Amino acid sequence: MKSIRAAIDRFLRSPPHCKQFSIIGDPAFTEAKQVLDAFVKDLRKTGKIAGVVHKKPITKQQIQRLYECGELGPANSTNPAQLQRTVWFYLVLYFGQGGRENHRQMKSNMLVFRKTPQGKEYCELNKEVAGSVPSTKNHQGGLHDHEDYSDGKIFALEDSPTYPVQPIRNYLSHLNPICEILFQRPRNSESKKFNSNDSWYCNSPLGDTSLNNMMKHMSKRAGIQPYLTNHCLRATSVTILSDHDCEVRHIKAVTGHKSDSSIESYNQRPSLEQQERIASLQPESGVLVQHNQFQHLQSSANNTTAVQFQQLQRPNSQPLRPVRLNN
């Protein structure tokens with residue numbers, strides 16, 4: 001309901017309407033806001049609507065599970081679908097992209113490899129290519145929109161078995177040269193017609209449905225419940241940076257968020273590991289046993305009192321009958 005109201009407000013205040021009032025902030029709409037507020041509260045109280053459920057970050061155990069089940073693979077993977085999933089996973093994670101924003105429009109020339117003055121290699125979006133920084137929910141473009149300064153980078157980690165830069169190089173080298181789209185439909189590596197020396201991908205882009213549900217399908221095949229979503233990766237990016245004491249302005253430089261409150265919304269709830277540590281701080285089981293024993297003794301004492309009270313009543317007492325009074 002709040003999203004619909006915000007959308008109507010944006011529609012009225014944007015060209016060609018350009019209304020000077022706001023149905024959200026102007027005092028003239030105070031009564032309407034109170035009615036809507038009471039209506040939404042009633043819907044929530046009666047269970048007709050649910051609250052907003054923010055996507056949880058992916059845990060280390062879940063990522064390890066994805067590797068163990070083959071949904072994610074090594075840098076030298078020879079499975080086209082596995083290699084593509086791994087590259088997609090890294091790009092969304094390190095660039096902090098939205099779950100369903102512009103993945104299908106990405107092109108292979110939008111990725112560029114560079115080196116630091118010390119010679120360390122990294123991968124980033126090539127902002128000199130048109131469309132490499134497309135419009136998003138936070139940055140829709142236009143005369144009044146601020147520039148998107150998000151600048152995520154993927155550095156080479158030679159000590160890491162996953163080595164995130166190398167899978168991207170491997171993936172780009174096997175793309176179909178006829179198709180400029182980054183995420184192309186993978187060929188079946190188990191087919192007899194498949195030749196590892198040829199391009200591993202078809203001359204057609206991967207569908208929107210496949211990209212939008214990539215994380216869901218990966219977690220489903222890996223047996224992870226509840227299923228993960230693409231937006232879980234964005235939440236993971238924010239959570240990892242926040243847990244390592246990165247400043248909010250640096251996190252926004254990666255994810256492209258506009259406000260500090262957007263970043264804080266990802267960190268209002270503890271992660272699964274933090275919840276586990278919180279649970280370990282609860283009273284020991286011995287204290288809980290003593291508490292349960294005290295409740296049992298108290299219940300027994302109450303039962304004894306009730307029995308003693310019943311013994312004070314007359315035995316074989318008959319129920320009272322109504323007496324008719326004569327005039």
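User: What share of the 327 residues in the chain is made up of buried residues?

Analyst: Buried residues make up 31% of the 327 residues, where buried means under 20% relative accessible area, exposed over 50% and partly exposed in between, with a 1.4 Å probe and protein chains only. The model is a predicted one, in which local features need pLDDT of at least 70 and side-chain atom pairs count only at pLDDT 80 or more, whereas totals for chains, interfaces and linings use all residues. Residues are numbered from 1 along each chain as its sequence is written, and side-chain values use heavy atoms, with hydrogens and water left out.

User: Why is Gln 62 called buried?

Analyst: Gln 62 has 18% relative accessibility and therefore counts as buried, since the limit is under 20%. Gln 62 is found in helix α3, residues 60-68; helices (H or I, at least four residues) and strands (E, at least two) are DSSP runs numbered from the N terminus. Not counting residues up to four places away in sequence, Gln 62 touches Pro 57, Ile 224 and Leu 228, a contact being heavy atoms within 4.5 Å.

User: What makes Cys 123 count as buried, and which residues is Cys 123 in contact with, leaving aside its neighbours within four places in sequence?

Analyst: Cys 123 counts as buried because its relative accessibility is 0%. This residue of strand β2 is in contact with Phe 95, Leu 111, Val 112, Phe 113, Gly 152, Lys 153, Ile 154 and Ile 168, once its neighbours within four places in sequence are left aside. Cys 123 and Val 112 are eleven residues apart in sequence and 5.7 Å apart in space, C-alpha to C-alpha.

User: How do you know that β1 and β2 pair, and which strands are the edge strands?

Analyst: Two strands pair if DSSP finds at least two bridges between them, and five bridges join β1 to β2, which run antiparallel. Arg 114 stands opposite Tyr 122 in β2. The open sheet of three strands has the order β1-β2-β3, with antiparallel pairing; the edge strands are β1 (111-115) and β3 (153-155), each of which pairs on one side only. From one strand to the next, the twist averages 25°.

User: Why is α4 called oblique to α5?

Analyst: The axes of α4 and α5 come within 9 Å and cross at roughly 130°, and that makes α4 oblique to α5, because angles under 35 degrees count as roughly parallel, over 145 as roughly antiparallel, 65 to 115 as roughly perpendicular and the rest as oblique. Axes are lines fitted to C-alpha atoms, for helices over the stretch in contact, and angles run from 0 to 180 degrees between N-to-C directions. In this crossing, Leu 83, Gln 84, Val 87, Tyr 90 and Leu 91 in α4 meet Pro 167, Ile 168, Asn 170 and Tyr 171 in α5.

User: Which residues of the largest nonpolar core touch the most other members?

Analyst: A nonpolar core is a set of buried Ala, Val, Leu, Ile, Met, Phe, Trp, Tyr and Cys residues joined through side-chain atoms within 4.5 Å. Of the 40 residues in the largest one, Trp 88, Phe 89, Leu 91, Phe 183 and Met 215 touch the most other members. The elements that give two or more residues to this core are α4 (80-95), β2 (121-125), α5 (165-173), α7 (214-222) and α8 (230-243), and the largest share, nine residues, comes from α4.
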